[in-house]
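Biologist: Could we go through this structure together, one part at a time? I would like to begin with the overall layout and then turn to single residues.

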Amino acid sequence: RHINIMHGEKLYTMNNILGHFDIMYVWDEYYIDLFQKLRYKCNEYLIENPWSQLDLPNPNDLHDITLYLNYVKYEDIQHIREIVHKVKQRKQSIYVRMHPSQFNSNFHREIEKFVHVEDITITSIFQSLSNTKYVLSQYSTVLFQGYSLGKEIVIDDMTNKSQFEKLSKCNYIMLSKPHKLLSDFVSEL
């Protein structure tokens, strides 16, 4: 038997077309429709959200917002700085969690100059989610995790506007779940 267990976010793109499985475990009913549109052949879909029944650890460092970064380009630092500035102006605390591939990099050191960066070697992703009220990212599995764990979701539509437009066209699941856009969020704080 050929079994697929969903292990990362999927979009309606050419990179994700065509698969053939006896069983596919997906995180949400939404993905059944997505995989069918992507012309997957599957005998049975099973919905299994690994986060929906998870108990988060007790918070140990409460703050309002955590910005979970994907792999970002150096030119995005200015956009990130502006976001942090707008949030801090409204007396809200914000932390940044770097993508593991950029932790302890020059990029990390630049970000750390203007905002607290979570140490991913000390703070697990689940402790991070426990510590924050709002989960902020542009495109990341952590948005779905946060949503599944009852956190408030904010999608970054400001840092890379062209990427956000692509997400809208590619049936990104989190745009169909309860969320706020960062541009609205910072204006209403």
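Modeller: The conversation below moves from the sheet to a helix, then to the cores and a few loop residues. Please keep in mind that this is a predicted model.

Biologist: Fine. In what order do the strands of the open sheet come?

Modeller: The open sheet has six strands in the order β6-β5-β4-β7-β8-β9, and their pairing is parallel. At the edges stand β6 (116-117) and β9 (180-181). Each has a single partner strand, so one side of each is left without a neighbour in the sheet.

Biologist: What holds strands together in a sheet, in general?

Modeller: Strands of a sheet pair through backbone hydrogen bonds, in either a parallel or an antiparallel way.

Biologist: And how many bridges join β5 and β6?

Modeller: Strand β5 (residues 94-97) pairs with β6 over two bridges, in the parallel sense. Tyr95 stands opposite His116 in β6.

Biologist: What about β7: is it enclosed or open?

Modeller: Strand β7 is largely enclosed by the rest of the structure, because five of its six residues are buried. It pairs with β4 in the parallel sense over four bridges, and Tyr134 of β7 is the bridge partner of Ile65. Strands β7 and β8 also pair in the parallel sense, over four bridges. There, Leu136 stands opposite Val154 in β8. From β7 the chain crosses through α5 to β8, and this β-α-β crossover is right-handed.

Biologist: Let us stay with α5. Where does it lie?

Modeller: Helix α5 lies across β4, β7 and β8, and it runs at about 150 degrees to β7.

Biologist: How many of its residues are buried, and which ones?

Modeller: Six of the eight residues of α5 (residues 141-148) are buried, which leaves the helix mostly covered. The buried residues are Val142, Leu143, Phe144, Gln145, Gly146 and Ser148. They pack against α1 (29-37), β4 (63-68), α4 (125-131), β7 (132-137) and β8 (152-155).

Biologist: What follows the helix?

Modeller: Gly150 follows α5, and its phi is positive, near 85 degrees.

Biologist: Which other residues have a positive phi?

Modeller: Arg39 has a phi near 65 degrees, and Asn171 has one of about 60 degrees. Arg39 lies in the loop between α1 and β3, whereas Asn171 is in the loop between α6 and β9. With a relative accessible area of 64%, Arg39 is exposed. Asn171, with 25%, is partly exposed.

Biologist: New topic: the nonpolar core. Which residues touch the most other members?

Modeller: In the largest nonpolar core, which has 31 residues, these are Tyr31, Phe35, Tyr45, Tyr172 and Met174. The elements that give two or more residues to this core are β2 (20-26), α1, β3, α5, β8 and α6 (161-169). The largest share, four residues, comes from α1.

Biologist: What does Tyr31 touch?

Modeller: Not counting residues up to four places away in sequence, Tyr31 touches Met6, Glu9, Lys10, Val26, Phe144 and Ile173. There is also a second, separate core of 25 residues, which includes Val72, Ile83, Val84 and Phe114.

Biologist: Now the loop between β3 and β4. Is Asn49 buried or exposed?

Modeller: Asn49, in the loop between β3 and β4, is buried, because its relative accessible area of 17% falls under the 20% limit.

Biologist: What does its side chain reach?

Modeller: The side chain of Asn49 reaches the backbone nitrogen of Trp51 at 2.8 Å. It also makes a polar contact with the side chain of Ser148, at 2.9 Å. Apart from neighbours within four places in sequence, Asn49 is in contact with Trp27, Phe144 and Ser148.

Biologist: And Leu56, which is also in that loop?

Modeller: Leu56 is found between β3 (41-47) and β4. It counts as partly exposed, at 25% relative accessibility. Leaving aside neighbours within four places in sequence, Leu56 is in contact with Phe126, Leu129, Ser130, Leu149 and Lys151.

Biologist: How many residues separate Leu56 from Asp157?

Modeller: Leu56 and Asp157 are 101 residues apart along the chain, and their C-alpha atoms are separated by 28 Å.

Conventions: Residues are numbered from 1 along each chain as its sequence is written. This is a predicted model: local features need pLDDT of at least 70, side-chain atom pairs count only at pLDDT 80 or more; totals for chains, interfaces and linings use all residues. Side-chain values use heavy atoms; hydrogens and water are left out. Buried means under 20% relative accessible area, exposed over 50%, partly exposed in between (1.4 Å probe, protein chains only). Contact means heavy atoms within 4.5 Å. Two strands pair if DSSP finds at least two bridges between them. A crossover is right-handed if, with the strands pointing away from the viewer, the path from the first strand over the helix to the second runs clockwise. Axes are lines fitted to C-alpha atoms, for helices over the stretch in contact, and angles run from 0 to 180 degrees between N-to-C directions. A polar contact is a pair of N or O atoms within 3.5 Å; within protein, one must be able to donate a hydrogen and the other to accept it, and residues adjacent in sequence count only if both atoms are side-chain atoms. A nonpolar core is a set of buried Ala, Val, Leu, Ile, Met, Phe, Trp, Tyr and Cys residues joined through side-chain atoms within 4.5 Å.
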